[in-house]
Amino acid sequence: MDVLEAIDEVRKGTVRPVYVFVGDETFLIDRAVKMLRAATVGEGIAGFNEDVFHGAKGLDGHKVVSAATTLPMMADKRFILVRHAEAMNADAHAPLIGYFK
């Protein structure tokens with residue numbers, strides 16, 4: 001699935017548990033991320049159901065999985081964003097891969 005297909009799905013009300021966007025289409029990726037955030041946490045208080053991680057800062061995959069498996073507070077879903085996951089250490093990807101399966 002490419003970014004445009006993901007955007008189309010979200011417009012139709014379908015939100016999958018995990019999306020991985022890769023590529024140079026930063027405008028489309030940012031648009032998809034904004035739409036997914038709105039579809040999951042809406043205009044609610046971001047601190048309760050939203051976590052943003054940056055792979056370039058020595059991110060541990062266990063922290064991402066912990067956030068993703070935390071139950072949402074006063075909402076149906078949580079929004080977890082990992083930017084620059086490619087910058088994470090190779091061993092930090094293992095927990096993410098396990099979660100995706």
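How many residues does helix α2 have, and how far does it reach from its first C-alpha to its last? Here are some notes to read beside the structure.

1. **Before you start.** This is a predicted model, where local features need pLDDT of at least 70, side-chain atom pairs count only at pLDDT 80 or more, and totals for chains, interfaces and linings use all residues. Residues are numbered from 1 along each chain as its sequence is written, and side-chain values use heavy atoms, with hydrogens and water left out.

2. **Helix α2.** Helix α2 covers residues 26-40, which makes 15 residues, and it reaches 21 Å from its first C-alpha to its last. That is close to the 21 Å expected at 1.5 Å a residue, where the expected span is 1.5 Å times one less than the number of residues. Helices (H or I, at least four residues) and strands (E, at least two) are DSSP runs, numbered from the N terminus.

3. Which residues of α2 are buried? They are Leu 28, Ile 29, Ala 32, Val 33, Leu 36 and Thr 40. Seen down the axis of α2, these buried residues fall within an arc of 135°, so they line one face of the helix; the arc is that of the directions from the helix axis to the C-beta atoms. An α-helix has 3.6 residues a turn, so residues three or four places apart point the same way. On the other side of α2, Phe 27 and Lys 34 are exposed. Buried means under 20% relative accessible area, exposed over 50%, and partly exposed in between (1.4 Å probe, protein chains only).

4. **What covers the buried face.** The cover over the buried residues of α2 includes α1 and β2 (79-83). Ile 7, for example, touches Leu 28, Arg 31, Ala 32 and Met 35, not counting residues up to four places away in sequence. Contact here means heavy atoms within 4.5 Å.

5. **The nonpolar cores.** The largest nonpolar core has 13 residues, and those with the most contacts inside it are Val 3, Ile 7, Tyr 19, Val 33, Leu 36 and Phe 79. The elements giving two or more residues to this core are α1, α2 and β2, and α2 gives the most, with 5 residues. Apart from it lies another core, of 8 residues, among them Phe 53, Leu 59, Val 65 and Met 88. A nonpolar core is a set of buried Ala, Val, Leu, Ile, Met, Phe, Trp, Tyr and Cys residues joined through side-chain atoms within 4.5 Å.

6. Glu 9 lies in helix α1 (residues 3-11), and at 17% relative accessibility it counts as buried. Glu 50 is in strand β1 (residues 50-54) and counts as buried at 15% relative accessibility. What joins the side chains of Glu 50 and Arg 37? A polar contact of 2.8 Å does (a pair of N or O atoms within 3.5 Å; within protein, one must be able to donate a hydrogen and the other to accept it, and residues adjacent in sequence count only if both atoms are side-chain atoms).

7. **Positive phi values.** Most residues other than glycine have a negative phi. Met 74, however, has a positive phi near 55°; it is in the loop between α4 (61-68) and β2 and counts as exposed at 76% relative accessibility. His 84 also has a positive phi, near 55°; this residue is in the loop between β2 and α5 (93-100) and counts as partly exposed at 47% relative accessibility.
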